[in-house]
Structure formats: C-alpha cells, structure tokens
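Please read the following walk through the model with the structure open beside the text, and follow each residue as it is named.

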Amino acid sequence: TISILVPDTPVIDQAYSKLCNSITVEWRAVPGAANYMLTAEDGDSFIETMVKNSPGTLTGLKPATLYRITVRSVNSGGKSQPSPFRKVKTVLAAPILSVCSPSCDSISVSWEAVHMAAGFSVSLMRSDGLGRMLKQNTTNTSLVFTNLDPGTLYTIKAYAWNANGMPGDDFTYNQRTSPSAPVDVKLAFNSGALRAVVSWMPTEGALTYSVTVSSGLLKLRCNTSSTSCMVPSLQCSSEYFVSVTAYNDAGSSEPTDAVSLKTIPCAPVNISIEEDEPGHLLVSWSSVSLGHYYVVFVKSDDGLEVHCNTSYTQCHFQSDCGFTYFISVFAYNKAGQSPLGDVFNYTTAPCCPSDFRAVSMSSDTVRVTWAPVRGADLYETRAAGGSGEALCRDTATACTLSALQCSTPYNITVYSFSEARGSSASCAPQHVATAPCSPEIKNISKESQSVISVQWQPNNEEATYIVTARGEAGLWHCTSTRNSCTLTDLPCGSAFSVSAIARSPAGQSLPSYSIPLETAPCCPNDMILTQVSQSVTNISWSVGRGAQTYVTTLESPKGQAKCHTLHTYCLLGCITCGTNYTVSLRAISETGLTSSCTYQGYSSSACCPSGVKLYRLSNNGIRVFWRASDETINYNADLHGSKGNFSCTPSLGLSHCDITKIPCGDVYTVVVAPVANKGPKLTFCPKKIYS
C-alpha cells in the first residue's frame, strides 16, 4: 500500500489588502499540495478560504481591521501545519458617494464618514477621456466641482486614507451634469387650430424637454424627447409665456427666459346690426382683447361682398332694400384672424313697389298693379279718402279696391311686407280719383218730332255727361258739361233706351238707369189715290214705321171724307166729282203717339156727262151727244165692239162728236167720259149699248 505524505508547510511571501473587505496572500508553491487553505483571524472571527494556487484572496473581511494570516497546504494525505502568520490590516472602506448636479456646470459629491479615515481624495474626469482630471483632497465629507461642461458624463472616484496616508478602498460613480437651458426657442402659432409648436436647439446631455405654457393661473405642459413640442387647446385672446426646460438623469436645466405668445383674438361678440337710416347699415360689436383691428364682411344674397377694415368697433355700409345681408366680424392681430363667430343675417325692409299703376275700373273700384319687388312676401294697399279707408292685402302684385266712393280723390299707397323686417314704411302715395258717379235722369221732353231734351241731376265735378239713345235704328248721342243736352235727328217710329254716363279724367261712370223713349211714327212716304167711281176713291200708302193705325182724310169746302184703319189702304166714299181735296193722314203708334202727315192735294175726276144719246149717220157712222157738266172740260167718246174699238174727241166746248166707218152688224158699248189730264182713262162713267 502506498501512503501519501502530508505536504510541507508553505511560507508566505507577502500579504496585503487593496480592498477593504479582502486580503490577498502570495506564497511559494509546495510540492504535492493540491490546494491551499487561507486563514484570517482577528480575535473575534475566523475566516477560511480554499484556493488552488497562489495568490489567493480572503474575502468577507472587515475594513481597517488587523488580521493574522496563515496558509496551509492540503492534499489527500492531509493538511500541513499553518505557515508562520503575517499580520495584515485591511484598508479603509471606500466612501459611499452621494452625487448630484445642482447646476449645469457643477457636480456636488458627499459621503458618510469612514471609520479610521484621516482624509479623503476625490477625482473627477470626463467619461469620454476628454479634458483634464480634477482632484481634490479634503477632510470634509463633501465637496463641489464647478466649471464643468453641461450635460456631460463624468466619472468620479473617491477613497479615504488613514493617519499613515495609506489609501483605502475606492468608490467610482458616473454622474452627468444637468443640461443647460435650451437656446433659440421659436414659436410657430397655428391660428386655425389654436395650437402652437415650440422648437429649440438641442441641448448637450438632455434626454427630455418640458415646455411650460402659462397664462395667469393656467399652466399647460408638454414633455418630449425631441426638440419641438405641440401645445394644443390654447385659448383665443390670451397671452401665454412659454419656457423650455431640459432634463436628464442629473436633473433639469434652468428654464429658458419666457417667450411671449399672443394668440389670435376671440371672435367679436355682442354684434348688433341696425339701419340707422334707410340705405345705411350700422354694424357694431364689443371690443376684443388683443384685437388690433377688425374686418367686417357683408355679403348680399346676390353674391356681392364688401368689407370694412377698422380699428374701431363699428362700421357703416350702404344697403339696398329687399336684400338679405350675411354679416361676419373678425378680429385680427399679429397672430392672425379670430375664429369664425356667429354669422348674422339682416334683411332690409322690402323695396317700395315700382311701376305703380292705379286705374279706375268703375265708380267704386280702382285696380292697382305694380311690379314685384325684392324681399316682399306680402303687399298691402291702402286707399285713404272720402269718409274712410280701404285696405287690401295679397301676395299678388295686383289689388282691386272696391266699395270706394264715386267721384272722390284717394291717396293710394302700396306697402311691401317681409316676415323678417316688416313693411316698407316710406313709400310715396299716388293720387287717384274714382270714376264719376252715375247721373240720374230727371226728365225727357220732346222739343220737336226728332228733337229730345234730356235733363239730369249733376253730381260730379269737372265731368262731361254723355247721353245715349240706343235702339234698333242705331245710337244717338249728345254731350254737355251741365245738366241737360239735346238729342237731335232722332228717327221717327223708333223705340230707344236713353241713358247717361259721366266721364272725367278719372274714368267713366256706370250708366244711369235707362228711360224708355218712343218717337212718333213715321209718315208713309208714298200715297196713291185712285178714283174707283165717281163718288168713291181708293187711297193706299206705304208703311209708316212705328205706326199701328192710320186716319186718312180728304177735305174740301164741299165736305170731308175720312177712314181709320189698321191697313195701308182705305176706300173713301161720298167724293164729289170735279172737286179739289186736301189730303192728310195721321199715323198712330201703339202707345198713341201721332204723326200728322200732309200730302199733295187731290182733285177728283170731272163729272161724267149726262144725257148721252147716239144717232146713226150715213156711211156707217154714228154721232154721240151728251150734256156736259162743265163747258171747260174735254170729253172723249169710246166705242167698243167685237170688230174693233173706236173713239172721238170733240173740240173744247162742243158736246158731241162723230165716229165713222164702223163695221155693221155688231153690238157696241159706248162710254163718254171726261178726258183726264194724266193717268188712265176713266172707266166708271155710264155705258150705252148700240147695235
């Protein structure tokens, strides 16, 4: 069996402490040793550590404590004897630093007191190795490094030393200085969205930024890691003060100097619109905070727009009747235009009607027409005059005023109305007179057969009266400005309806009530008298217009013959032969009107001779004798037979004549009759038979 020997005891070359909680031991290697056991004793505690080879470190020790250090070599055969001990004291504990950057160019370092420490050494250097290292020794427990670069990462190392000047364990800390305040702060205001974009130059070492927007007690904040920030929901007519603060893990910078931001003015309020006089609109409003000037836009409903630029709180505009104007008021400053406020519409009173025409339609009616006007929803027509007022309302552009007084002047005014503004109150009236009143015929009198005088009651001023006789025969007129006129040349035998009207510049009255008028019947134009026998005469005549019956009269000193008939002829007896008669006729109408007609005198034929005798003569002739009724009358003897007709006429004063060469053997009729001056031969004288 092979036995393994315990290794030799090692010898410590050196033992030292660089950290406050450990001691490092170095020794020469011992042959056959597999491991080494390090032991540290301070009288109160005992710590062992197994290591493979030299050097070895004992950890978990107490700072600034004196330890006895020994080493044993170890293998499978056992442990060697402890080496001669070495006394080693652990170094001072490292100060635990509290570091901050109170400003952008300084770092403050503080720590708790370290046991057994006589002083402290603190060094600072940029972590990127640029620049020089700063080092300070102090017996205090704090110090401040100044004049540093803002926003820069620094590495800080600190350790304590004891009364012998032996440095203790060190403590390293990385600290960044707080950033400097941002520069070149700019504001971009979006007036439409009432928000602002704040931008600035990036600051060294800054991780985030905070924008503060304050106005009075109101504060708005915006945090960002970029170099711009949008601040929404700003209020109009407000002044904000904007500052930017940079932040990193060391803290914050000083805020930048506040930059003033004046937002757009609010929309003007208390807007009032009035027509201070026709054709002029006055728009006024309340003053707006931060408003430097105002612009009023007035757009009419036909698309035309005008505007007014003013620093006051009112504007004047010209306006037209019947238009609707849409009015908006904006306030302006350097930030821009105020938001759109309420848009007001103002409708001016409708225009007075144009092309106004009033026409008298009758004595009590006037027809009024006009052209339509802008803005009118309704029209009102008023007629003032006489004993009252007439009123007419309609949406149409015409109105008929009725129940007016005839022959009366009226002031007629047409007003236009709109629902929005009411009436056009300044429309000028038009003076219109109604047509004359109807006259009243008081009397109709006949001045002659064809002349009629008409009288009426005059009831109009400055009127001309026209009288009309209307019948089947036609129309007849007469005119007068007084109370009567005469109708002339009226045809006989006609029926008329007589009426009167009054006419003036205002128009024509209604006709008066009609009065019937009948003229006397016409005298027949033609009359024919035919003697039927020595004592009977037939009279015939043409129709006399308007006549129903006729009375015909033949009159002479020897007597009168008369007949009354419905016909146009009549037989008159008891006529004396050879007598001159006056001929007259009376035409009588159905109502009893009579026309006396006279004609040319009539002479009855001469009396037939008496005592007619026939005597035979030789040579187949006969002599006719008669007794004449008047020696101044010529007679004619006619002989009529089947073999011929024969006649003879003696000289004036003789009462016989001869007819010769008469065929024998025939029967003849012989008639002796006075010779008529004109007309057919008389056939009514007595006849004699001769064989």
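Strand E1 (residues 12-16) and strand E2 (residues 22-27) pair in the antiparallel sense over four bridges, where strands are DSSP runs of E with at least two residues, numbered from the N terminus, and two strands pair if DSSP finds at least two bridges between them. Within this pairing, Ala-15 has Val-25 in E2 as its bridge partner, and the two strands form a hairpin with five residues between them. The model is a predicted one, in which local features need pLDDT of at least 70 and side-chain atom pairs count only at pLDDT 80 or more, while totals for chains, interfaces and linings use all residues. Residues are numbered from 1 along each chain as its sequence is written, and side-chain values use heavy atoms, with hydrogens and water left out.

A search of the whole structure finds eleven salt bridges. The side chains of Asp-184 and Lys-186 meet in one of them, at 4.0 Å from N to O; Asp-184 is partly exposed with a relative accessible area of 41%, and Lys-186, at 48%, is partly exposed as well. Glu-440 and Lys-442 likewise meet through their side chains in a salt bridge, at 3.4 Å from N to O, with Glu-440 partly exposed at 45% relative accessibility and Lys-442 partly exposed at 49%. Elsewhere, Glu-380, Arg-382, Glu-389 and Arg-393 are linked in a network of salt bridges.

We turn next to the aromatic rings. The whole structure holds 14 aromatic pairs, where rings of Phe, Tyr and Trp (its six-membered ring) pair if their centres lie within 6.5 Å, with planes under 30 degrees apart counted as stacked, over 60 as edge-to-face and the rest as tilted. The ring centres of Trp-200 and Tyr-209 are 5.2 Å apart and their planes stand at 55°, so this pair is tilted, and both residues are buried. Trp-626 and Tyr-635 also make a tilted pair, because their planes stand at 55°, with the ring centres 6.0 Å apart; Trp-626 and Tyr-635 are both buried.

Rings also meet charged groups, and a charge sits over a ring if NZ of Lys or CZ of Arg is within 6 Å of the ring centre and within 35 degrees of the ring normal. The charged end of Arg-374 sits over the ring of Phe-323, 3.8 Å from its centre, and that of Arg-421 sits over the ring of Tyr-346, 4.0 Å from its centre.

Two single residues deserve a look of their own. Ser-360 lies in strand E32 (residues 354-362) and is buried, with a relative accessible area of 15%. Its side chain reaches the backbone nitrogen of Ala-435 at 3.0 Å. Leaving aside neighbours within four places in sequence, Ser-360 is in contact (heavy atoms within 4.5 Å) with residues including Thr-365, Val-366 and Ala-506.

Arg-545, by comparison, is placed in the loop between strand E49 (537-541) and strand E50 (549-556) and is partly exposed, with a relative accessible area of 43%. Its C-alpha atom is separated by 5.1 Å from that of Cys-522, 23 residues apart along the chain, and the Arg-545 side chain reaches the backbone oxygen of Cys-492 at 2.9 Å.

The walk ends at strand E61 (residues 668-674), which is largely enclosed by the rest of the structure because six of its seven residues are buried. Six bridges join strand E58 (residues 635-641) to E61 in an antiparallel arrangement, with Asn-636 opposite Ala-673 in E61. Four bridges join E61 to strand E62 (residues 687-690), also antiparallel, and there the bridge partner of Thr-669 is Ile-689 in E62.

Definitions and conventions
Buried < 20%, exposed > 50% of the residue type's maximum accessible area, 1.4 Å probe, protein only. Polar contact = N/O pair within 3.5 Å; in protein donor to acceptor, adjacent residues only side chain to side chain.
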